[in-house]
Amino acid sequence: LAYDRFFEDEDLNAPVVAEALIQLSASGLFHGIADLFRNRRGLGTLLEDVRWTAGMVAQWVALEGLRARLRAHLAAELRRFQPELIVAHSLGSLIAYDTLRRDEVARPAQPLAPGCTLLTMGSQIGNPAVRTTFGGRIEQLESLRFWWHLYNQEDDVFTSAIDLPGRERFRQVDTYFD
C-alpha cells in the first residue's frame, strides 16, 4: 500500500511536532532520535531521515484527519483485493491495526478482512504512547483468522512488544537480531 503521498501533503511543522510530543512523551518514544543526531551524513540528511521515520509517526499520531484518510485508503484496497494475508511493517502496521480495529467496532457484521491473517513486524502498535491513539489498549482483532507479530527487542525504531489478553488467535514471535 503506497501511502507516502499522504504524509507529503501534511506539514511537519512545530505545532504538529508539539502535539505529537505531548501525546508521545509519556513513553519516551522519541528517545531513539538521539541516535539520529549522531548521524555522520550531515544536517540535511538528518532532517530528511527524521521526516521519513519519527516525523511520519509524529504526523500519524498528531493528525486525526491524516489517520482517517489513511484508513479510507487501506479500506478501499482491502475491499478491492480481498487478501488472505496482510503483511504490515512499521508505520504500515499502525495503519493496518487502526483500520481493522475501527472497522470491526463500526461494522462488526461486515468486517473488511474476515478470515484474513495479519503479519506485523517492526511495529509500534504496542508502544505505550502510540497506544493512546487506540484508546489506551490493544485488542484482539476478532475477524482475523490469526495475527502473527514479529518482535525484535533490538529494533531502535520505536517498536514494542504486544501484550494481548486471551491470545487464542495471536502469537508474538521474538526475532532477535542487532
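This is a predicted model: local features need pLDDT of at least 70, side-chain atom pairs count only at pLDDT 80 or more; totals for chains, interfaces and linings use all residues.
Confidence comes first. The mean pLDDT of the protein chain is 82, and 78% of the residues score at least 70. Residues 26–53 form a stretch with pLDDT below 50. In the model this stretch still has 37 contacts beyond near neighbours in sequence.

The next subject is the core. In soluble globular proteins, nonpolar side chains tend to be buried together. Here the largest nonpolar core holds 37 residues. Those that touch the most other members are F7, W60, L100 and W147. Two or more residues each come from helix 1 (4–8), helix 5 (54–62), helix 6 (64–81), strand 1 (85–89) and helix 7 (91–106). The most come from helix 7, which gives six residues.

L100, one of the residues that touch the most other core members, can be followed through its contacts. With neighbours within four places in sequence left aside, L100 is in contact with L78, I86, L112, A113, L118, L141 and L144.

The largest pocket comes next. The space in it is about 270 Å³. Its lining consists of 15 residues, and L1, L74, L78, I86 and V87 are the closest to the centre. Helix 6, strand 1 and helix 7 each give two or more residues to this lining; strand 1 gives the most, with five. By residue class, the lining has 12 nonpolar residues, two polar ones and one charged.

The last stop is A96, a residue of helix 7. Is A96 buried or exposed? The relative accessible area of A96 is 3%, so this residue is buried, given that buried means under 20%. Leaving out neighbours within four places in sequence, A96 is in contact with L74, A88 and L118. A separate distance concerns A75: its C-alpha atom is 9.0 Å from that of A96, with the two residues 21 apart along the chain.

Conventions: Residues are numbered from 1 along each chain as its sequence is written. Side-chain values use heavy atoms; hydrogens and water are left out. A nonpolar core is a set of buried Ala, Val, Leu, Ile, Met, Phe, Trp, Tyr and Cys residues joined through side-chain atoms within 4.5 Å. Buried means under 20% relative accessible area, exposed over 50%, partly exposed in between (1.4 Å probe, protein chains only). Helices (H or I, at least four residues) and strands (E, at least two) are DSSP runs, numbered from the N terminus. Contact means heavy atoms within 4.5 Å. pLDDT is the predictor's confidence in each residue, from 0 to 100. On a 1 Å grid over the protein atoms alone, a cavity is a set of points where a 1.4 Å probe fits but cannot get out, and a pocket is an open set with protein on both sides within 12 Å along at least five of seven lines; lining residues have an atom within 4 Å of a point. Grid points are joined across faces, edges and corners, and a volume is the space filled by probe spheres set on the points. Ala, Val, Leu, Ile, Met, Phe, Trp, Tyr, Cys and Pro count as nonpolar, Asp, Glu, Lys and Arg as charged, and the others, Gly among them, as polar.
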